[in-house]
Amino acid sequence: MAATIIDGKSFAETLRGRVAGHVTRLKAEHALTPGLAVVIVGEDPASQVYVSSKAKLTVEVGMASFKYELPAETPEAELLALVHKLNEDSQVHGILVQMPVPAHIDPNKVIDAISPDKDVDCFTPANVGKVQIGLPGPVSCTPLGCLLLLREYLGSLEGLNAVVLGRSNLVGKPMAQLLLRENCTVTIAHSRTRDLAEVVRRADIVVAAVGRPLMVKGDWIKPGATVIDVGINRVPAPERGEGKTRLIGDIDYAAAVEIAGAITPVPGGVGPMTIACLLANTVTCASLINGLEPPS
Ligand code: NDP
C-alpha cells in the first residue's frame, strides 16, 4: 500500500492560523504586537524570494514586519551596528539575518551579535544550549517543523528508532536533539557512516538532511517507516522546457512512497513548515521578553 503523503503545506497553514490566534490574544490582553525584523545583505534572487515571503506571512498573522535590504558591499561593522540597534528596539522581538551573507562578512560574528532573546533562528550558543537542556526559548525552525509533522502523523514518538541523516548545526544536530527529547532512540548518520543503507533500514523514523538528490533509495526504507525529507535540491528538468529546473529531495520519493508508512513530498513537505515555525518562534520570543508564558 502506498504511503500517506504528509501535507506540510496544509499543516503549515494550520500552524500559521494558530500563531495568528496567539498574536490576537497578545494584542488584546497585553497590548503587545510581536515584531520580526528580517535583514538581507545583497541581491541573491533565492534569498530575496525567501525574505519577501517571510515578510508577507509575518503581516498575514498580524505581526509587525521590519525589512532591511542592504547592498552587497555593506561593511561588516555596519551590519553589526544594525543588529545592535534592533537588539535595543522594543518593537522588535525577533531578528533574522538571511544567510548566506556576502563573503567579506563573518556569519559567526553576525550570529554572536544577535541578542539570544531575539534569536528566532535559534543559532546562538545560548539558545542551542537551552534546547539541549529543555529550557523555554526558540527552537531551530526546520527541525521544529519536522518534529511537528512527526507528532501530527505519529502522535507519541516514544521508543521509536530515529535515524537523522546529516549533522549540520542548522538541521541535523538540532533535529537529533529534539527527537531525543521525544524519547526516540536516535542515530545520527553522516558522510563517514559505514553501511548507511543498513543503518537507515533499522529506522522507524528517517529524517534526511544531506543535500544530495535522491540519495536514500527505496529499499533502504523499513516498511511502514515515517520518512521526512528535508533536502532541497534543484536539478535540470528538460521535460519542462529548455533551461528549466525543478526541486527534488534527498529521498528517492517514487520508490520510497511504495514502502514507507508516511512520507513528506518535496516541495510541499518540510519547506512551508520552516517559515511557520519562524513565526511561532517570534511569538515565543515576544512572550518571554515580556515575562509571559510562551504558547506550547
Ligand atoms: P550541510 O551541507 O550543512 O550538511 C549536510 C550533511 O550531510 C553533513 O552533515 C554531511 O556529513 C552529510 N552528508 C553529506 N554527504 C553524505 C553522504 N554521502 N552520506 C551521508 N551523509 C552525508 O546541509 P544542511 O544541513 O544545511 O542542509 C541539508 C539539506 O537540507 C540541503 O538540501 C538544504 O537545502 C536543505 N534544507 C532545507 C530546509 C527546508 O526548509 N526545507 C532548511 C535547511 C536546509 P559531514 O558532516 O560528515 O560532512
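**A guided look at a predicted model**

Over residues 6-121 of this predicted model, the chain is 51% helix and 16% strand. The end C-alpha atoms of that stretch are 24 Å apart.

Visitor: Which UniProt annotation covers residues 6-121?
Guide: The name comes from an unreviewed UniProt entry. The entry marks the stretch as "domain: Tetrahydrofolate dehydrogenase/cyclohydrolase catalytic".

Visitor: Where does the largest nonpolar core lie?
Guide: This core has 85 residues; Val 164, Val 206, Val 207 and Leu 279 touch the most other members. Its largest share, 11 residues, comes from α10. Both domains also give residues to the core, so it lies between domain 1 (30-116) and domain 2 (141-273).

Visitor: Is Pro 34 buried or exposed?
Guide: Pro 34 sits in the loop between α1 (8-30) and β2 (35-41). A residue counts as buried if 20 or more other C-beta atoms lie within 10 Å of its own. Pro 34 has 29 within 10 Å, so it is buried.

Visitor: How far apart in space are Pro 34 and Thr 58?
Guide: In sequence, 24 residues separate Pro 34 and Thr 58. In space, C-alpha to C-alpha, the distance is 9.5 Å.

Key: Residues numbered from 1 in each chain as written. Predicted model: local features only at pLDDT ≥ 70, side-chain atom pairs only at ≥ 80, totals over all residues. UniProt positions renumbered as here; feature names shortened; annotations may be inferred. Helix = DSSP H or I, 4+ residues; strand = E, 2+ residues; numbered from the N terminus. Core = buried A, V, L, I, M, F, W, Y, C linked by C-beta atoms within 7 Å. Buried ≥ 20, exposed ≤ 12 C-beta atoms within 10 Å, placed from the backbone. Domains from an automatic or database assignment.
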